[in-house]
Amino acid sequence: MQHLDLQVIERALKWANQGRTIWLCTVLKTFGSAPREPGAMLVACSTGDYLGSLSGGCVEEDFIARLQAGEFNEPVQRVHYGGGGGGGGDGDGDGDGDGDAGSANIRLPCGGSLEVLIERLAPNTANLTHLEVVHATLLGRQPLTRCIKLDGSGKRFNPSKNTEPTVIVDTASVNIRIGPALRLIIAGISSISSPCALFAQTLGFEVIVCDPRDEARRNFAVAGVEVQAVLPSVFISSGGCHANTAVVALTHDPRIDDLAMIEAVRTEAFYIGVMGSQQTSQQRAERLLRSGGLTSAQVARIHMPIGLNLGSKTPAEIALAVMADIHRIYRGKTRHEL
């Protein structure tokens with residue numbers, strides 16, 4: 001899940017706690033070149049205010065216009081965008097249209113199309129509890145599956161695994177896997193940290209920067225980034241990582257970088273990397289084995305030198321190489337596939 005989806009659920013909870021009815025939209029299927037992937041979310045209220053994204057903008061505009069025109073009053077509906085529009089199909093190719101809100105004559109970039117689930121959630125106790133569980137799951141460690149009955153008769157949570165598909169649609173229900181939002185822990189502040197944080201935010205990561213040095217923190221200012229005045233190793237060992245976390249050490253200071261690596265390899269983090277030359281990386285590997293108490297398998301988890309070899313020189317170029325490598329690993333791509 002992207003950090004944007006966490007913000008969507010937080011906004012949904014805020015509006016629901018204010019007594020507002022909300023509409024929670026989730027991308028179910030994409031075909032061709034759709035801008036967002038299955039599981040992406042948007043929340044709206046009757047005033048037309050919304051947060052989140054389903055596409056590049058045209059889908060959002062159509063949805064809000066139809067919402068304010070009085071559509072989407074059923075508890076659960078589906079709508080299909082793109083691919084020629086029209087015809088009232090439900091997006092699964094069978095053309096039955098049962099339980100959906102028809103199709104919109106909106107063309108997406110490159111001829112793509114998508115199907116969206118729309119849930120109308122009144123501000124009652126059951127819906128508030130459901131949103132609170134979603135919120136806790138996005139902040140937590142273990143994924144769950146939201147099982148939503150397409151006839152509007154109810155919804156529940158089931159245990160899930162990160163290896164399961166994000167969305168499964170059958171004739172009676174929709175199953176949407178939710179899990180911890182993408183997180184980037186930047187271990188230590190350097191000239192690379194700010195551009196790295198900015199790139200990560202653009203990619204949908206929650207960004208947390210850890211550095212105990214007062215002067216370093218004073219020189220770091222990126223809006224929306226959480227800054228912790230502690231050693232990164234302390235934050236990581238206290239439970240700062242989950243399976244959707246990437247940890248990067250960018251200071252060239254072994255007192256910060258090495259300790260962060262020692263703790264990070266003991267977590268579920270999907271990416272662990274530290275900056276340095278080939279020679280520095282080899283020396284670090286030997287040091288972590290000799291005095292850090294790590295095993296060869298643990299050291300092998302660490303990407304060092306960090307990032308893709310893009311010939312980077314400037315801080316922004318290095319940050320780009322780092323985030324590109326993190327994204328490669330997250331998408332399950334090997335280097336030879338690039």
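Predicted model: local features only at pLDDT ≥ 70, side-chain atom pairs only at ≥ 80, totals over all residues.

Me: Start with H1 and H3. How do their axes cross?
Reply: The axes of H1 (residues 3-17) and H3 (residues 125-139) come within 10 Å and cross at roughly 155°. The cut-off for roughly antiparallel is over 145 degrees, so H1 and H3 count as roughly antiparallel to each other. The crossing of H1 past H3 is left-handed.

Me: Which residues meet there?
Reply: On the H1 side you have Asp5, Leu6, Ile9, Glu10, Ala12, Leu13, Ala16 and Asn17. They meet Leu128, Leu131, Glu132, Val134, His135, Leu138 and Leu139 of H3. The contact of H1 with H3 divides into 10 nonpolar, 2 polar and 3 charged residues.

Me: OK, and H7 with H8? What's the angle?
Reply: Roughly 60°, with the axes of H7 (residues 254-264) and H8 (residues 278-290) coming within 11 Å. That makes H7 and H8 oblique to each other. H7 passes H8 in a right-handed crossing.

Me: What makes up that contact?
Reply: H7 brings Pro254, Asp257, Asp258, Met261 and Ile262, while H8 brings Arg284, Arg287 and Leu288. By class, the contact of H7 with H8 has 4 nonpolar, no polar and 4 charged residues.

Me: New topic: how many salt bridges does a search of the whole structure find?
Reply: The search finds 16.

Me: Take Glu37. Which residue is its salt bridge partner?
Reply: Arg331, with the closest N and O atoms 3.0 Å apart. This pair links distant parts of the chain, 294 residues apart: Glu37 is in the loop between strands S1 and S2, and Arg331 is in the segment after H10. Glu37 counts as partly exposed, because its relative accessibility is 36%. Arg331, at 40%, is partly exposed too.

Me: And Arg78 with Glu115, where do they sit?
Reply: Arg78 is in strand S4 and Glu115 in strand S6, 37 residues apart. Their side chains meet in a salt bridge at 3.4 Å, N to O.

Me: Is Arg78 buried or exposed?
Reply: Buried, because its relative accessibility is 6%. Glu115 is buried as well, at 0%.

Me: Last one, Asp325 and Arg328. What's the distance between the closest N and O atoms?
Reply: It's 2.8 Å, in a salt bridge. Asp325 and Arg328 both lie in H10, 3 residues apart, about one turn of the helix. Both are buried.

How values were computed: Residues numbered from 1 in each chain as written. Heavy atoms only, no water. Axes fitted to C-alpha atoms, helices over the stretch in contact; angles between N-to-C directions. Helix = DSSP H or I, 4+ residues; strand = E, 2+ residues; numbered from the N terminus. Parallel < 35°, antiparallel > 145°, perpendicular 65-115°, else oblique. Left-handed = near helix turned anticlockwise from the far one by under 90°. Contact = heavy atoms within 4.5 Å. Nonpolar A, V, L, I, M, F, W, Y, C, P; charged D, E, K, R; others polar. Salt bridge = Lys/Arg side-chain N within 4 Å of Asp/Glu carboxyl O. Buried < 20%, exposed > 50% of the residue type's maximum accessible area, 1.4 Å probe, protein only.
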